[in-house]
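Please open the model in your viewer and keep the selection panel at hand. The stops below go from the whole chain to single residues.

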Amino acid sequence: MSNNRSGIFIGGLMLGAAIGTLAGLLVAPRAGRETRKLIKKSANAIPELAEDISTSVQIQADRLSSSTLRNFDDTVDRFREAIAIGIDATQRESQNFNKQNTVDISSTADIADTLTQN
């Protein structure tokens, strides 16, 4: 999540810098011709700035994607381990339950034999 926020921050920073530059040029105390030249240069730089922002966002998205994939793989591994532990515990409890029932059935059979002999 941090990578996503930093990518957004960098993009916002670059966009803010471009807008601030343009606003500064418009209110600057220069002659109209000079200001128009500066605006034209700034306008010509916008595609390059957009490409830089796009590249930065793509890099951040790739980092976030790989980080998310690693975290997902780790989570799946932990989930599999938890399932395996749960299955083992269930099997042990089932075996213990079956042993107790076998003992109870044997005890009941012994009592029944005793009663029938008397």
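Helices (H or I, at least four residues) and strands (E, at least two) are taken here as DSSP runs, numbered from the N terminus. With the cartoon displayed, you will find two helices and zero strands in the protein. This is a predicted model, in which local features need pLDDT of at least 70 and side-chain atom pairs count only at pLDDT 80 or more, while totals for chains, interfaces and linings use all residues. Residues are numbered from 1 along each chain as its sequence is written, and side-chain values use heavy atoms, with hydrogens and water left out.

Of the 118 residues, 7% count as buried, where buried means under 20% relative accessible area, exposed over 50%, and partly exposed in between (1.4 Å probe, protein chains only).

Now select Ala18, Ile19, Thr21, Leu22, Ile39, Ser42, Ala43, Ala45, Ile46 and Leu49, which line the largest pocket. The elements giving two or more residues to this lining are α1 (2-27) and α2 (32-117), and α2 gives the most, with six residues. A pocket here is an open set of points on a 1 Å grid over the protein atoms alone, where a 1.4 Å probe fits and protein lies on both sides within 12 Å along at least five of seven lines; lining residues have an atom within 4 Å of a point. The volume of the largest pocket is about 190 Å³, taken as the space filled by probe spheres set on the points, with grid points joined across faces, edges and corners.

Then go to Gly7, which lies in helix α1. Is Gly7 buried or exposed? Gly7 is buried, because its relative accessible area is 5%.
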